[in-house]
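Subject: Structure handover

Hello,

Here is the structure I promised to pass on. My notes on it follow below.

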Amino acid sequence: MDTANPSSQPPLGNTAAASSGGVLPRLAPSEWGRVTLVGAGPGDADLLTLKAARALSSAGLVLYDHLVSDDVLQHVAAGAERIYVGKQSRNHTLPQEGIIELMVRLAQSGRSLVRLKGGDPYIFGRGGEEAEALAAAGIACDTVPGISAAQGAAASAGIPLTHRDHAAMLVFATGHLQGEEGERTVALDWAALARPRQTVVIYMGVGTLPTICTQLIAHGLPASTPAAMIERATLPGQRSIVGTLQTLPALSVAHGVHPPALIMIGDTVTLQARIGSPTGVLTGFPALADTAPPQALACTA
């Protein structure tokens with residue numbers, strides 16, 4: 001679910017529930033269709049790659065996720081069949097295993113399809129699992145990469161992911177809870193994430209933000225480490241909430257941050273005041289304003 005925006009519209013045409021229950025013919029392997037995993041990017045349809053746009057415009061069948069914007073779906077051919085297989089917290093149209101089973105059965109019935117995923121399929125989009133399962137079933141699969149949510153958020157908010165003076169390393173992590181009910185926790189290598197001179201981007205961490213910040217401070221990062229949340233990156237209504245590890249959890253609650261949003265941690269966050277647009281920026285880190293030169297020009301990606 002590597003993206004910054006959910007589709008606000010209900011699925012058009014067939015739904016996964018309707019399509020998954022029907023009986024599909026199974027053909028000889030030489031007649032099977034192929035699957036193309038396509039990265040939809042962070043939400044702004046202008047950030048689709050040319051290859052992704054071509055795949056959508058020529059597809060006859062598209063299985064798409066919750067975190068695919070309506071504008072991106074406009075690139076799907078008008079006559080194509082769309083099947084919504086979106087997953088939200090505790091609300092899955094189909095479980096992951098069901099999505100894979102549906103793709104396999106459709107391909108084995110002779111239908112080629114596009115599997116449209118937010119961001120990049122191979123960055124927290126479970127595209128690797130799907131490609132692996134398709135390969136095991138003997139189904140041809142291509143992958144079209146997409147601009148990741150982290151890249152989109154960095155460019156649109158004005159927070160570089162790397163910088164010679166601030167961050168020589170970049171780490172992506174997922175902040176969602178793992179484990180069995182009642183024993184769920186954020187299982188991350190906190191010591192590695194708390195190293196200096198790196199930018200850490202955490203996906204799916206809105207609900208676990210207090211734990212993330214507490215653990216990073218406990219493992220050595222100063223409480224004053226710059227940190228930000230980028231909500232609905234690249235889309236109308238994007239907001240950047242800028243603070244520190246100590247203040248960001250309270251700022252998130254005060255400003256009502258909701259998924260999809262990314263957490264960005266590290267000294268590169270301070271550059272937002274210099275190179276980012278002031279529009280939609282809510283800051284709880286006054287020191288940032290002091291770093292901007294008097295004649296600084298706002299830059300909008």
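Directly after H4 comes Gly-110, which has a positive phi near 100°. Helices (H or I, at least four residues) and strands (E, at least two) are DSSP runs, numbered from the N terminus. Please note that this is a predicted model, in which local features need pLDDT of at least 70, side-chain atom pairs count only at pLDDT 80 or more, and totals for chains, interfaces and linings use all residues. Residues are numbered from 1 along each chain as its sequence is written, and side-chain values use heavy atoms, with hydrogens and water left out.

H4 covers residues 96-108, and its 13 residues reach 18 Å from the first C-alpha to the last. That is close to the 18 Å expected at 1.5 Å a residue, where the expected span is 1.5 Å times one less than the number of residues. The helix is largely enclosed by the rest of the structure, because 10 of its 13 residues are buried. Buried means under 20% relative accessible area, exposed means over 50%, and partly exposed is in between (1.4 Å probe, protein chains only). Among the buried residues of H4 are Ile-99, Ile-100, Leu-102 and Met-103.

The sheet is open and has five strands in the order E3-E2-E6-E1-E7, with parallel pairing. Two strands pair if DSSP finds at least two bridges between them. Strand E3 (81-84) and E7 are the edge strands, each pairing on one side only. On average, neighbouring strands of this sheet are turned by 20° against each other, direction ignored. Between strand E2 (residues 61-64) and E3 there are four bridges in the parallel sense, and Tyr-64 stands opposite Tyr-84 in E3.

H4 packs on this sheet and touches strand E1 (35-39), E2, E3 and E6. The direction of H4 makes about 160° with that of E6. Contact means heavy atoms within 4.5 Å; axes are lines fitted to C-alpha atoms, for helices over the stretch in contact, and angles run from 0 to 180 degrees between N-to-C directions. Helix H5 (residues 127-136) lies across E1, E6 and E7 and runs at about 170° to E1.

Lys-117 belongs to strand E6 (residues 113-117). Its relative accessibility is 1%, so Lys-117 counts as buried. A polar atom of the Lys-117 side chain lies 2.8 Å from the backbone oxygen of Gly-125. The side chains of Lys-117 and Glu-130 are joined by a polar contact of 3.1 Å. A polar contact is a pair of N or O atoms within 3.5 Å; within protein, one must be able to donate a hydrogen and the other to accept it, and residues adjacent in sequence count only if both atoms are side-chain atoms. Beyond its neighbours within four places in sequence, Lys-117 is in contact with residues including Val-38, Asp-65 and Arg-126.

Asp-142 is placed in strand E7 (residues 141-144). This residue is partly exposed, at 33% relative accessibility. Its side chain makes a polar contact of 3.0 Å with the side chain of Arg-34. Not counting residues up to four places away in sequence, Asp-142 touches Arg-34, Val-35, Thr-36 and Leu-37. The C-alpha atoms of Asp-142 and Val-38 are separated by 8.5 Å, although these residues are 104 apart along the chain.

**The largest nonpolar core**

The largest nonpolar core has 24 residues, and Leu-216, Met-229, Ile-263 and Ile-265 have the most contacts inside it. Such a core is a set of buried Ala, Val, Leu, Ile, Met, Phe, Trp, Tyr and Cys residues joined through side-chain atoms within 4.5 Å. Among the elements that each supply at least two residues are helix H7 (190-193), strand E9 (198-203) and helix H8 (209-218). H8 gives the most, with four residues.

**Backbone details**

Most residues other than glycine have a negative phi, and most peptide bonds are trans. Arg-126, in the loop between E6 and H5, has a positive phi near 60°. Arg-126 is partly exposed, with a relative accessible area of 37%. Arg-232 also has a positive phi, of about 55°, and is found in the loop between E10 and strand E11 (239-244). The peptide bond from Pro-259 to Pro-260 is cis, with omega near 5°, and Pro-260 is in the loop between H9 and E12.

Regards
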